[in-house]
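Have the sequence at hand as you read.

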Amino acid sequence: MAFKRLVTGVVLGLAMVPAQAALNVFACEPEWADLVLALVPDADVHTATSAGQDPHYIEARPSLISAMRRADLAVCTGASLEAGWLPALISRASNSVIRPGKPGLFFAAEQVTLHQPQDHVDRSMGDVHPEGDPHIHLDPDRVPVIVDALADRIIELAPDQENAVRLRQRQWQVRWNLEKAQWRDAAEKLEGTQVAVQHATFGYLLRWLGVETAIDLEPKPGLPPSASHLSKVLSDPALERAELVLIASYQDRRPAQWLSKKTGLPVEVVPGTVTGEAGSDSLSALVSQLIDRLLQYREEHAPETAHHD
Amino acid sequence: MKPLNTCAGALALATFPFTAIQANELNPDVSVILDGYYKQNHTALSHRDEGFGLGHTELSLSSPIDDLFEGRLTAVLEDHDGETELELEEAFLQTTGMPYNLSVRGGRFLSQVGYLNSRHLHEDDFVERPAAYRALLGSHYFDDGLRLNLLVPTPFFWQIGAEAFDGGRLSEGEEDIGVYTVNTRFGGDIGGSQSWQAGFSYLNNRQIHGDHGDDDHEHDDHDHGGHAHGAEYTGENLYITDLVWKWAPGGNNRQQQLTLSGEYLYVDDLNEHAASDDVHEGWYASAVYQFAPQWSAGARYGQVELKEAHGDHFHDQELKETDVMLAWSHSHFSTVRLQYTHQDAHGFEEADNTVMLQYVMSFGAHGAHGF
């Protein structure tokens with residue numbers, strides 16, 4: 001019965017929204033576009049970056065200014081991930097509803113506690129964000145918190161869509177929890193696995209799974225792998241324990257391939273975020289894909305690794 | 001246009017604490033630019049002396065002022081003939097809460113004419129601006145005034161803007177409002193890898209035919225008057241058209257990016273003695289290829305044809321300039337650049353070829369990645 005009432009609410013809720021009033025959303029990264037569309041499927045979403053792009057390095061180019069001009073809501077990561085381009089976009093777009101401190105600007109990183117916030121940061125440490133690691137979008141525990149906050153924010157901006165958004169929010173949470181149960185099973189098998197990475201892109205998920213990061217190919221956060229750092233990596237005893245090199249598709253593959261050639265470690269290139277392609281077309285699919293790849297590798301190579309030890 | 005926004009009430013503002021994008025709490029964003037160089041030879045129309053020197057050392061403070069205004073203050077320290085000058089390059093406020101995507105900027109700021117002029121010098125890919133900019137705009141024209149910008153509600157990017165300036169920093173004169181500009185820009189993406197922007201600008205310099213027109217020209221004769229920051233060559237009407245095209249595979253400009261840009265500048269009505277064919281004219285075309293995250297190489301060719309005023313007649317001058325450069329940026333915040341400049345001149349005594357080594361370092365707030 002409750003479900004029937006909800007459905008009626010949805011139908012009524014949708015009927016009340018005129019066609020031209022579709023929520024216009026500017027998503028800084030594809031993961032937030034995925035969540036917005038899960039809550040408001042008919043939203044008009046412009047995604048500023050793709051899985052093939054390093055989200056730190058975007059330019060405030062004309063098409064993005066134009067998209068920001070039209071938006072009712074901007075959904076971004078925050079925690080200085082977009083520090084190089086979002087302030088410039090907001091300023092150039094002169095959109096009076098999208099301003100720091102206004103409900104039209106939603107920062108996912110502000111809805112959760114971040115890993116490793118820093119009291120003292122200086123640039124000699126690399127591109128370290130004082131607020132903490134902003135790559136939160138694959139964390140099975142943090143993403144649901146962000147979805148709840150995002151649903152609240154959308155309802156605040158579009159109260160007439162409350163019933164529909166609440167319904168989809170609940171559906172999303174149910175689906176996510178079902179997936180999470182499977183991820184937890186996988187985590188048991190993966191616990192203790194060690195990997196080499198390049199940047200903290202997958203850090204939250206790896207920690208959740210109990211997978212340890214033995215090696216980072218970046219000499220300092222945000223600095224590309226240098227020859228001297230790679231040769232240091234090669235003689236690092238921690239490398240012995242690493243079972244594979246995991247990099248995001250937007251990253252330069254050459255350092256990982258070089259390391260692979262020297263050590264025989266396999267390289268896994270995984271999309272850093274949601275793409276339009278099957279297997280990574282939603283956040284949960286991407287998390288599952290990442291876990292499947294790790295599991296597959298674990299099953300194929302685990303005996304060999306044991307032999308090495 | 002935006003019925004969904006009307007519900008964002010005062011309660012919402014109270015519940016969501018003010019959150020600046022950079023974790024700066026109540027302190028303004030502070031940034032410092034260090035710019036130093038070694039230059040082998042003196043070159044024509046240059047603002048950098050030969051030998052070791054400091055370029056454009058910049059201290060900038062910016063912050064939201066309240067929920068309606070944001071402000072920026074930029075002080076520049078420049079060395080000229082052993083004397084250090086402190087100059088205010090920017091001291092402006094800008095509105096943030098205007099409807100219809102309007103914004104107003106008031107105070108001292110860089111005019112938005114052309115592509116390069118509104119950018120800070122340290123963002124450039126070459127040690128100095130093209131010869132046409134150095135001659136006609138004093139490298140970068142900034143002044144005290146007011147700007148109104150509007151983003152037109154079209155599906156693509158289209159901005160229209162107008163500015164009014166005191167004009168005293170472009171040329172001397174008695175007019176209260178010496179300079180008006182209008183500017184429009186269009187731009188967009190082509191597929192996922194290319195983006196472009198085109199602009200047209202017009203600058204009207206009302207001081208040229210003012211009462212003190214003759215003083216103006218005498219002033220112009222002092223080519224190397226030390227700290228004259230205005231343009232050395234002026235006219236009543238300045239027209240600029242600019243085009244920028246960028247390509248990065250998959251839009252991932254971290255790894256690779258090719259930037260092609262060019263501008264054409266045309267000035268007429270130089271003074272009351274000018275005939276219709278007495279004009280200043282210049283252009284440049286630049287190609288910069290960032291071929292790895294930390295490396296970029298570029299080449300630029302530019303030329304400018306000028307009329308140097310001598311009482312009631314003009315002397316022709318021409319400067320052709322070719323630059324090649326290689327830059328290494330260890331991080332986002334440090335760049336070391338090696339540049340070779342070849343000058344080919346007519347009517348300039350000090351034209352020469354030179355090698356320059358420059359560093360541009362920034363610390364403090366993260367600079368904006370402009371287009």
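In this predicted model, 57 residues of chain A are in contact with 62 residues of chain B. Putting the two chains together buries about 4800 Å², and 53% of that area lies on carbon and sulfur atoms.

What holds your eye next may be the polar side of this interface. Between chain B and chain A there are 24 residue pairs in polar contact, both partners being at pLDDT 80 or more. The interface also has 3 salt bridges. One to look up is the salt bridge between B:R254 and A:D54, where the closest N and O atoms are 2.9 Å apart.

Which elements of chain B supply at least two residues each to the side that touches chain A? They are the helix α1 (10-15) and the strands β6 (102-110), β8 (157-165), β9 (179-190), β10 (194-205) and β17 (354-364). Of these, β9(B) gives the most, with 4 residues.

Now turn to chain A and find A:A149, which sits in helix α5 (residues 142-157). Is A:A149 buried or exposed? Its relative accessibility is 16%, and because buried means under 20%, A:A149 counts as buried. Leaving aside residues up to four places away in sequence, A:A149 touches A:F106 and A:Q111. A:Q111 is 38 residues from A:A149 along the chain, yet their C-alpha atoms are separated by 6.8 Å.

Conventions
Residues numbered from 1 in each chain as written. Chains lettered and ligands numbered in written order. Predicted model: local features only at pLDDT ≥ 70, side-chain atom pairs only at ≥ 80, totals over all residues. Heavy atoms only, no water. Buried < 20%, exposed > 50% of the residue type's maximum accessible area, 1.4 Å probe, protein only. Contact = heavy atoms within 4.5 Å. Buried area = accessible area lost by both parts, 1.4 Å probe. Salt bridge = Lys/Arg side-chain N within 4 Å of Asp/Glu carboxyl O. Polar contact = N/O pair within 3.5 Å; in protein donor to acceptor, adjacent residues only side chain to side chain.
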